[in-house]
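I set out to look up the ligand site, a few single residues and the backbone of this entry. My notes follow the display.

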Amino acid sequence: MFKSKIAGVGSFLPEKVLTNHDLEKLVETSHDWIIQRTGIERRHIIAEGEGTSDMIVRAAQKALLDAKMQATDLDLILVATLSGDFKMPATACIVQTKLGAKNVMAFDLNAACSGFLYSLIVADQFIKTGFYKNILVVGAESLSRIVNYKDRDTCILFGDGAGAFILTQADEKDTNVILTGHAHAEGQHAELLWAEGGGTKVPFDQEVLDKGSHFMQMKGKEIFKNATRTMAACCKEALEATNTKPEQVDWIVPHQANLRIIEAVAGQFNFPMERVITTVHETGNTSAASIPLAFDAGIKDGKIKRGQLILLTAFGAGLTSGSVLLRY
Ligand code: UT7
């Protein structure tokens with residue numbers, strides 16, 4: 001069995017910013033309420049005329065540069081998203097041609113906010129078996145395109161962006177590898193966070209449009225409780241599987257949904273917030289993009305360094321959840 005390591009990291013945040021004060025003009029809310037309840041100050045919004053693939057290409061090119069690789073070195077492109085360019089085909093295929101990656105397998109994976117961790121775990125399996133050597137793993141979302149800016153329960157939370165890892169087969173002696181990954185789904189809670197209309201069960205029609213049921217709808221309080229429960233459980237699972245104590249972990253990079261959720265998860269392990277990467281103030285919740293965006297920010301801020309032990313954890317619609325423990 002082989003092991004995989006992170007050869008490169010890259011991310012992209014669009015230039016346009018939507019602040020809490022901008023949202024005050026759209027819905028009945030306030031900067032102070034949003035800060036207090038979520039920690040979010042602003043979110044980035046995709047440029048007009050662009051799609052998720054355009055952000056991915058920029059993030060992927062940076063990750064390839066970091067890995068000192070060309071797009072032609074890739075064997076697989078795996079895109080975690082719930083807001084791809086089109087209903088079909090997969091955004092990964094659009095990325096493949098824009099990057100100029102030849103002869104690759106390319107597919108999308110939808111596990112909502114846990115999508116990036118699901119994808120890392122899938123990519124890790126391809127490398128472990130020796131089937132593929134170099135994999136582009138992406139988390140990317142254009143949530144501003146599927147959020148209802150009349151619904152204050154959701155529109156204050158979400159933003160756009162893309163983050164990418166290049167995963168590659170590690171040398172035998174390399175200790176900077178993915179150590180363990182765990183993922184779960186609890187479909188009985190699907191209705192807590194979903195876009196009910198516009199799929200095959202409730203096809204798009206005038207009623208869907210009038211009700212706005214093609215937009216994201218969320219039962220925030222329920223999601224909050226489940227988020228804390230599942231992320232803490234997934235962290236525990238990764239620590240136990242590797243016989244690791246929380247104090248051995250250098251950084252937790254959690255899904256960036258709400259600062260209070262992040263604090264509650266860290267609190268369950270008495271893990272100091274000084275060793276938790278938080279970017280939610282700057283990005284809002286970018287779903288599948290949030291972990292690679294936060295990871296890249298952690299590197300750029302000089303916090304995350306090679307050789308450190310990093311615990312990633314996420315939860316999202318599904319409900320999905322997961323964790324990955326790795327040495328970077
Ligand atoms: O990746 C997964 C995606 N989802 C999440 O992570 C979301 C998880 N949930 C949350 O982050 C929180 O539940 C929210 C931030 C969405 C809401 O915070 P909360 O502390 O659970 O607030 P609440 O829903 O209990 O609402 C408290 C009050 C209510 O008013 P009353 O009934 O107390 O008079 C709401 O109507 O705040 C009101 N409210 C707002 N006020 C200003 C709800 N949304 C807003 C708003 N601005 N945007």
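Which helix gives the most to the shell around the ligand? I find that α8 does, with four residues. Helices here are DSSP runs of H or I of at least four residues, and strands are runs of E of at least two, numbered from the N terminus.

Basis of the entries. I note that this is a predicted model, in which local features need pLDDT of at least 70 and side-chain atom pairs count only at pLDDT 80 or more, while totals for chains, interfaces and linings use all residues. Residues are numbered from 1 along each chain as its sequence is written, and side-chain values use heavy atoms, with hydrogens and water left out.

Entry 1, the ligand. I looked up the 22 residues around the ligand; T29, R37, K221, N258 and N285 come nearest. A residue is near a molecule if one of its heavy atoms lies within 4 Å of it. By class, I record 10 nonpolar, six polar and six charged residues in the shell. Ala, Val, Leu, Ile, Met, Phe, Trp, Tyr, Cys and Pro count as nonpolar, Asp, Glu, Lys and Arg as charged, and the others, Gly among them, as polar. At least two shell residues each are supplied by α2 (31-38), α6 (152-155), α8 (220-241) and α9 (259-268).

I then looked up polar contacts (pairs of N or O atoms within 3.5 Å; within protein, one must be able to donate a hydrogen and the other to accept it, and residues adjacent in sequence count only if both atoms are side-chain atoms). A polar side-chain atom of W33 is 3.3 Å from a ligand oxygen atom. For H255 the corresponding distance to an oxygen atom of the ligand is 3.0 Å, and for N285 it is 2.9 Å. The ligand taken alone exposes 950 Å², of which the protein buries 74%. These areas come from the Shrake-Rupley method with a 1.4 Å probe.

Entry 2, the loop between β5 and α5. Is S114 buried or exposed? S114, in the loop between β5 (105-109) and α5 (115-128), is buried, with a relative accessible area of 0%. Buried means under 20% relative accessible area, exposed over 50%, and partly exposed in between (1.4 Å probe, protein chains only). A polar atom of the S114 side chain lies 3.4 Å from the backbone nitrogen of G316. A112 is in the loop between β5 and α5 as well, and is buried at 5%. Phi of A112 is near 50°, a positive value in a residue other than glycine. I also record that A112 and A314, 202 residues apart in sequence, are 9.7 Å apart in space, C-alpha to C-alpha.

Eight of the 11 residues of α11 (residues 290-300) are buried, so the helix is largely enclosed by the rest of the structure. Among them are I291, L293 and F295. Just after α11, I find G302 with a positive phi of about 80°.

The peptide bond from M88 to P89 is cis, with omega near 0°; P89 is in the loop between β4 (76-80) and α4. A cis peptide bond also joins G318 and L319, with omega about -10°. N270 is not a glycine, yet has a positive phi of about 50°; N270 is exposed, with a relative accessible area of 71%.
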